[in-house]
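Trainee: Could we go through this model together, starting with the fold and then moving on to the ligand?

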Amino acid sequence: MKISIIGTGYVGLVSGVCLAAKGHKVICVDKKTDIVTRINNKEATIYEPGLDPILKQVVSNGNLTAVDNLRYAVMCSDVSIIAVGTPFGNGKIDLSYIIGCANEIGQILRDKNSYHVVCVKSTVAPTTTDTVVKSILETASGKSIGQFGLAMNPEFLREGKAVEDFMSPDRIVIGAYDDRSFNVINKIYKSKFKAPIIRVNLRTAEMIKYTSNALLASLISYSNEIASICEETGGIDVKEVLESVTLDKRFNPKKGAKLVNPEMIKYLRAGCGFGGSCFPKDVKALISFSESKGYTPDLLHATIDINETQPLRLVRRLEASLGSLQDKKIAVLGLAFKPDTDDMRESPSLIIIKELLLKKAKVFAADPIAIENANKALASDASELSFCADYKQALQDADAAVLVTSWPEFASISRDEFVDLMKNPVILDGRRVYDKSIMEEAGINYIGVGLEDVREVMCNE
Ligand code: UGA
């Protein structure tokens, strides 16, 4: 099938490369000519493990080309997939890229005689495709829906695992305006991917995407709320609590003698809070959408509030241990919002670092790949912030270390390294990757999310 994909960001490029690898003829469209040139030169414009070799292969075999000419791409394809950004700003989702894109496609469809399906892949609030996008396409094309097709096909890709997720999806959701639209989109996936294809209407497809992200985000905030209760009580380790809870076979069934350990239970862990380009934005967008319909979603509000407070709680606990943070040297281990990505968007490290700097600490931060992006994100906070080549440099003579992102190289730092490199080591384990008793044996003052030593609490009671 001939497919044009508009927008070569994270979703657009991964989708384009993977669909081309499945044998479709894909034209990626981007207004930025430098991006178009780089893709045609077989260079991935985003960091995503596994993307590079497939991109090289599909550009070389002619299955994928990039252009800056939308008219050419729409005219030469049967389907246009809209994968432009939907940023969140001023309390609601910003549809300007979607609107602009639908308008341009509509005008091109005015001149196109053959049947064409427009498929929204960008994450948009329920009703966007069947109201806003449909009406723009009809007005701009001068045609009625039915003369062209309309679909909504959300993506469920995780950064760092996007290629794997695209190639081996759990389900493919196709929201379709009518049978004809569905049949075209179905043809893209059917027989090429081993996953159930779920056919729904347009607004249900949009809601499935939001509900999926809001559920995962809420599990994280739920875990962090339980962690805070454990910390305030003392003598209860949230890790033991949640690990035990998730042994319930309804969360973690057995296959033979072994536990399945579904990915989902990893979201039931306490930590620094969620970040990235999706969870914070999508939960806020769902709140805003819900309120526009007259319903106040209290649980989603709490999910966001807990998430915004969590990094500040960590800094407060550090302060409780060290006293004033002024002029203290604090090593921050990990900047990206999660391992295997250089993405700094909404990373809890940003809140933690800003708070530490506000309290006049000297911050030394390390991350295997996110330094460049962190530098851009924190440029204005810079004077007492240094980026380090590696964790050893960050830990050197530090008063405390805060583990924010559980990169394997940070999780495997030994207690001896902490002791040798730091002054009187205080470790704030924001991801619960270190063993408290092993650290304490070496004289390290260990503070873990969701864990407060009962002795300290009882002394204060
Ligand atoms: C998320 C969803 O997981 C994808 O299904 C969805 O397609 C994507 O958003 C999107 O809407 O585009 P992503 O933002 O890449 O993907 O991140 P996740 O790996 O789910 O991580 C999100 C947050 O959850 C991070 O802050 C991460 O630290 C946290 N997390 C992740 C955990 O706390 N535990 C985990 O096991 C995994």
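**Sheet and ligand**

Mentor: Eight strands make up an open sheet with mixed pairing, in the order β3-β2-β1-β4-β7-β8-β9-β10; strands are DSSP runs of E of at least two residues and helices of H or I of at least four, numbered from the N terminus, and two strands pair if DSSP finds at least two bridges between them. This is a predicted model, where local features need pLDDT of at least 70, side-chain atom pairs count only at pLDDT 80 or more, and totals for chains, interfaces and linings use all residues. Residues are numbered from 1 along each chain as its sequence is written, and side-chain values use heavy atoms, with hydrogens and water left out.

Trainee: Which strands stand at the edges?

Mentor: Those are β3 (64–67) and β10 (197–200), and because each has a single partner strand, one side of each is left without a neighbour in the sheet.

Trainee: And how do β1 and β2 run?

Mentor: Strands β1 (residues 2–6) and β2 (residues 25–29) run parallel and are joined by five bridges, with S4 opposite I27 in β2.

Trainee: Switching to the ligand, which residues come nearest?

Mentor: Of the 18 residues around the ligand (a heavy atom within 4 Å), the nearest are E159, K209, N213, Y267 and K338.

Trainee: Which atom of E159 lies 2.6 Å from a ligand oxygen?

Mentor: For E159 that is a backbone N or O atom, whereas N213 places a polar side-chain atom 2.7 Å from an oxygen atom of the ligand.

Trainee: Which element gives the most to the shell?

Mentor: That is α9, with four residues.

Key
Polar contact = N/O pair within 3.5 Å; in protein donor to acceptor, adjacent residues only side chain to side chain.
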